[in-house]
Amino acid sequence: MCGCRASVPSTKQYSVNQPAPASTKKIIALFFASLVISLGKGSELEKAFATAALVYNNSAGPEGKLSKAETKSLLQTQFWGFIQGQENKPKYQEIISALDEESENKIDFEDFMILLVSLTLMSDLLQEIKNVKTTK
């Protein structure tokens with residue numbers, strides 16, 4: 001060994017009394033999500049949530065949040081199947097208007113997931129999915 005410790009990642013261990021920093025927890029969570037998706041491990045539901053977490057994280061800023069404009073753009077590019085045709089529904093208009101207002105506010109992952117669930121529940125695509133029977 002050359003003795004060049006500067007290029008070696010920290011090997012500090014964390015105990016229960018001294019939890020790992022948030023950045024370390026985030027790296028571990030993202031690694032797990034990537035592993036679930038890439039190896040096909042986990043249930044279909046786990047893969048779906050891991051994918052949602054990765055898409056969110058890849059779009060979020062350094063503080064781990066999305067601006068409302070980024071959120072709206074992400075919905076339009078990554079969730080269009082669920083929001084397509086919803087433009088005339090009052091609840092959809094209310095949600096999108098909220099994203100247009102107070103643009104300095106940021107959306108965290110919890111609020112983003114609530115937003116996805118809300119849009120899914122009102123979508124026409126969900127009704128079509130409910131009508132499809134799958135066999136295993």
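The questions and answers below set values against cut-offs, and the model they concern is predicted.

Q: What elements does the chain have, and what pattern do they follow?
A: The chain has seven helices and two strands. Along the sequence they follow the pattern α-α-β-α-α-α-β-α-α.

Q: How much of the chain counts as buried?
A: Of its 136 residues, 24% count as buried. The cut-off for that label is a relative accessible area under 20%.

Q: Which residues of helix 3 and helix 6 meet, and how do they divide by class?
A: From helix 3 come Thr71, Leu74 and Leu75, which meet Phe112, Leu115, Leu116 and Leu119 of helix 6. By class, this contact has six nonpolar residues, one polar and no charged.

Q: What makes helix 3 oblique to helix 5?
A: The axes of helix 3 and helix 5 (residues 90-100) come within 8 Å and cross at roughly 140°. Roughly antiparallel needs an angle over 145 degrees, and roughly perpendicular ends at 115. The value falls between those limits, and therefore helix 3 is oblique to helix 5.

Q: Which residues make the contact of helix 3 with helix 5, and how many are charged?
A: Helix 3 brings Lys68, Thr71, Lys72 and Leu75, and helix 5 brings Ile96, Ala98, Leu99 and Asp100. Asp and Lys are both in the charged class.

Q: How do you know that threonine 71 is buried?
A: Threonine 71, which lies in helix 3, has a relative accessible area of 0%. The limit for buried is under 20%, so threonine 71 is buried. Leaving aside neighbours within four places in sequence, threonine 71 is in contact with Leu66, Leu99, Ile107, Phe112 and Leu115.

Q: How many aromatic pairs does the structure hold, and what makes the pair of tyrosine 56 and phenylalanine 112 tilted?
A: The structure holds three aromatic pairs. In the pair of tyrosine 56 and phenylalanine 112, the centres are 5.2 Å apart and the planes are at 45°. Stacked means under 30 degrees and edge-to-face over 60, so this pair is tilted. The pair links distant parts of the chain, with tyrosine 56 in helix 2 (residues 44-59) and phenylalanine 112 in helix 6, 56 residues apart. Ring pairs also link Tyr56, Phe109 and Phe112 into a cluster.

Q: Are tyrosine 56 and phenylalanine 112 buried or exposed?
A: Tyrosine 56 has 4% relative accessibility, and phenylalanine 112 has a relative accessible area of 3%. Both values are under 20%, so both residues are buried.

Q: Why is the pair of phenylalanine 79 and phenylalanine 82 called stacked?
A: Their planes are 20° apart, with 4.8 Å centre to centre. Planes under 30 degrees apart count as stacked, so the label applies. Phenylalanine 79 has a relative accessible area of 14%, under the 20% limit, and is therefore buried.

Q: Why do lysine 65 and glutamate 70 count as partly exposed?
A: Lysine 65 has 34% relative accessibility and glutamate 70 has 36%. Buried is under 20% and exposed over 50%, so both count as partly exposed. Lysine 65 is in the loop between helix 2 and strand 1 (66-67), while glutamate 70 is in helix 3.

Q: What do lysine 65 and glutamate 70 touch?
A: Not counting residues up to four places away in sequence, lysine 65 touches Tyr56, Ala60, Glu70, Lys106, Ile107 and Asp108. With neighbours left out in that way, glutamate 70 touches Ser59 and Lys65.

Definitions and conventions: Residues numbered from 1 in each chain as written. Predicted model: local features only at pLDDT ≥ 70, side-chain atom pairs only at ≥ 80, totals over all residues. Heavy atoms only, no water. Contact = heavy atoms within 4.5 Å. Helix = DSSP H or I, 4+ residues; strand = E, 2+ residues; numbered from the N terminus. Phe/Tyr/Trp six-rings, centres within 6.5 Å; stacked < 30°, edge-to-face > 60°. Buried < 20%, exposed > 50% of the residue type's maximum accessible area, 1.4 Å probe, protein only. Axes fitted to C-alpha atoms, helices over the stretch in contact; angles between N-to-C directions. Parallel < 35°, antiparallel > 145°, perpendicular 65-115°, else oblique.
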